[in-house]
Amino acid sequence: MSDNVKRILKAIIAVAVLVGLVVTFRSAAGQWKQQQESALQRVADLDRQLNNATSPSERQAASERRRQALAEVPRLGNLRWSLVIGAAFFYAVGLIPGGMVLHQAVRTFGARVRASACVAAQIVGHLGKYIPGKAMVVVIRAGRLSNAGVPILAGSLSVFIETVMMMAVGAALSGFIVLFLPVPRWIAWASIAGGFAAMIPTLPPLMRRLVQRVSKRRPNKEKLSDSQCASGENETLLMQQEWRLFSLAWFWQLAAWLLIGASFACLV
């Protein structure tokens, strides 16, 4: 692919991301305005109740409800900025674990790249979520990894593995949390079952054939001695790498979900 074609593709992606961000911002602004109008209408209703109150107790109750309603009107002055900053901090830190999973996946496929490059690719890839279809996430991340020296196929598969692992860990974590909520037991056990079902595709034995096809470390029997082929040393090393990816992915993605949960808890 020529440099001119790459520049054109990058420009198209940049424009698509920019359009997606503008559409998202307009949607958020519209929701903010709608909620603000609804809250102000509630205040106006309480004003009428306050004016129609016939006793001191009714007037005091209506006045208290009006005060609370005013505090809930979506305005910049009504925001608790300490919690907003805390939410931003937790969410920003929560973006890093996915990059670490991506780094380990890339290493499993035999590529050597700095962890910082994988984290950067992971974070920049979130811009692709503002484009309908979400496929642009893979394009952006794989493209960034390619610039760092990772083959496109290995980079794309690493992005896919990171995404599947995040969904699997999230499903398992949510199923575990639902188990302690006041819901019917069949819902709780169904959530646990769903979590385990989401985990199955991420098990190393199911990824092994994929790794063997793409990894630069796949066995090269022409260069291995007969004793090495018989002992399966290379296969054992590959299995160790797969289980290492599996365990580290669970560790990092669990940390990511807890941080994202802390972020939303601050906002709520």
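This is a predicted model: local features need pLDDT of at least 70, side-chain atom pairs count only at pLDDT 80 or more; totals for chains, interfaces and linings use all residues.
Colleague: Why is Phe 246 called buried?

Modeller: Buried means under 20% relative accessible area, exposed means over 50%, and partly exposed is in between (1.4 Å probe, protein chains only). Phe 246 comes to 12% relative accessibility, so Phe 246 counts as buried. Across the protein chain of 268 residues, 31% are buried.

Colleague: Then why does Ser 63 get the label partly exposed?

Modeller: Its value is 38% relative accessibility, so Ser 63 falls in the partly exposed class. Ser 63 is in helix α2, residues 56–71. Its C-alpha atom is 9.0 Å from that of Gln 49, a residue 14 places apart along the chain.

Colleague: And Gly 110, why is that residue put in its accessibility class?

Modeller: At 15% relative accessibility, Gly 110 is counted as buried, and its place is in the loop between α4 and α5.

Colleague: What makes the largest nonpolar core a core, and which residues have the most contacts inside it?

Modeller: A nonpolar core is a set of buried Ala, Val, Leu, Ile, Met, Phe, Trp, Tyr and Cys residues joined through side-chain atoms within 4.5 Å. The largest such set has 21 residues, and Leu 102, Val 106, Val 113, Cys 118, Leu 145 and Val 150 have the most contacts inside it. At least two residues of this core come from each of α4 (96–108), α5 (115–125), α7 (152–178) and α11 (233–267). Helix α7 gives the most, with five residues. Apart from this core lies another, of five residues, including Ala 39, Val 43, Leu 46 and Val 73.

Colleague: Which residues is Cys 118 in contact with, leaving aside neighbours within four places in sequence?

Modeller: Contact means heavy atoms within 4.5 Å. On that rule Cys 118 is in contact with Gly 99, Leu 102, His 103, Val 106, Val 113 and Leu 145.

Colleague: Which residues does Ile 260 touch, not counting residues up to four places away in sequence?

Modeller: Those are Tyr 91 and Met 166. Ile 260 lies in helix α11 and, at 12% relative accessibility, counts as buried. Tyr 91 is 169 residues from Ile 260 in sequence, yet their C-alpha atoms are 5.3 Å apart.

Colleague: Why is the pair of Phe 246 and Trp 250 given its class?

Modeller: Rings of Phe, Tyr and Trp (its six-membered ring) pair if their centres lie within 6.5 Å; planes under 30 degrees apart are stacked, over 60 edge-to-face, and the rest tilted. By this rule there are five aromatic pairs. For Phe 246 and Trp 250 the centres are 6.3 Å apart and the planes are at 50°, so this pair is tilted. The two are four residues apart in helix α11, which means about one helical turn separates them. Together with Trp 243, Phe 246 and Trp 250 form one aromatic cluster.

Colleague: What is the volume of the largest pocket?

Modeller: It is about 550 Å³. On a 1 Å grid over the protein atoms alone, a pocket is an open set of points where a 1.4 Å probe fits, with protein on both sides within 12 Å along at least five of seven lines; lining residues have an atom within 4 Å of a point. Grid points are joined across faces, edges and corners, and the volume is the space filled by probe spheres set on them. The lining has 19 residues, with Lys 10, Ile 13, Val 139, Gly 143 and Arg 144 nearest the centre. Helix α6 gives the most to this lining, eight residues.

Definitions and conventions: Residues are numbered from 1 along each chain as its sequence is written. Side-chain values use heavy atoms; hydrogens and water are left out.
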